[in-house]
Amino acid sequence: KIKAAKEAVGRLRAVVEPYEKELMERQASRERFDVARAASEQQRATVARLEELKSRYMEIMSLDPQPRGFALEKLLHDLFEAFDLDPRHSFRIEGEQIDGGFVLGSEYFLLEAKWQKALTVRDDLDVFKTKVERRSENTLGLFISIAGFEPTAVEKHSGYRSPIMLMDGGDLYAVLDRRIELPELLTRKRRETSMSGRVLLTASEILGGGGS
C-alpha cells in the first residue's frame, strides 16, 4: 500500500508540476507587464509635465525682473519635483535667504537661482559658497544663472575642492526640451567637479561627448 501510495503521489506530481510552472510563468509575465506599464505611464506623465514647464519657462521670459525671479524659483521647484529629487522651497535662516534645496542620491544641495541680463560674477559665487560651507559637511550647492557666468568667476571656483557646481540657461532648456534628464545632468556635473575640479560642465558638452 505504501508503494502504491508513493506511485500515486508521483503520478499526481507529474501532472501538477507543469500546471504550477505555467501558472508561475503567467504570474511573472503579468508582473513584468505591470512594471512596464507603470514605467510607461510614469514616462508619459513626466513628458507631459516637462512640456508644461517648458511653456511656463517661455512665458516667464516676458516678465519683469522681480516677478521673473519668483516665477523661476517656482518653476525649478516643480522641475526638481518632476524628477523626484525631493525639492524644498526657499527659506530664510540665520539672516540668509536660500532659494531652495534638493537631494541627489545621498547628497544634499542648497540652490541659488538668478535670472538677470548680466553674467553672474565672482562675488555672487563667493557669497553662495560661504552659505554652503556654513552647513554640514555633506551639503553641496547648485548655482543656476540663466544668463551664465563670467569666465573669471568659473575659473576662480574651479580646481579647489569647491562645494558648488554651476548650471546655466542652456542646461535648463536642454532638460525642459527633454534632451537630457535632470538627474543625469546633475550627476555628470557632480562627477566632473569631483574628478577634475571644474564647476561648470554644460549640457551641450555632455551631449557632445565631453566631460568625465
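I counted the secondary structure first: the protein has seven helices and six strands, taken as DSSP runs (H or I of at least four residues for helices, E of at least two for strands) numbered from the N terminus. Along the sequence I read α-α-β-β-β-β-α-β-α-β-α-α-α.

A note to myself on the source: this is a predicted model, where local features need pLDDT of at least 70, side-chain atom pairs count only at pLDDT 80 or more, and totals for chains, interfaces and linings use all residues. Residues are numbered from 1 along each chain as its sequence is written, and side-chain values use heavy atoms, with hydrogens and water left out.

Next I looked up aromatic pairs (Phe, Tyr and Trp rings, the six-membered one for Trp, with centres within 6.5 Å; planes under 30 degrees apart are stacked, over 60 edge-to-face, the rest tilted). I found six of them. One is F128 with F143, edge-to-face at 5.5 Å centre to centre and 85° between the planes.

Then I turned to S158, which sits in the loop between α4 (151–156) and β6 (164–168). Is S158 buried or exposed? I put it down as buried, because its relative accessibility is 18%. Leaving out residues up to four places away in sequence, S158 touches G197, R198 and V199 (heavy atoms within 4.5 Å).

Notes. Buried means under 20% relative accessible area, exposed over 50%, partly exposed in between (1.4 Å probe, protein chains only).
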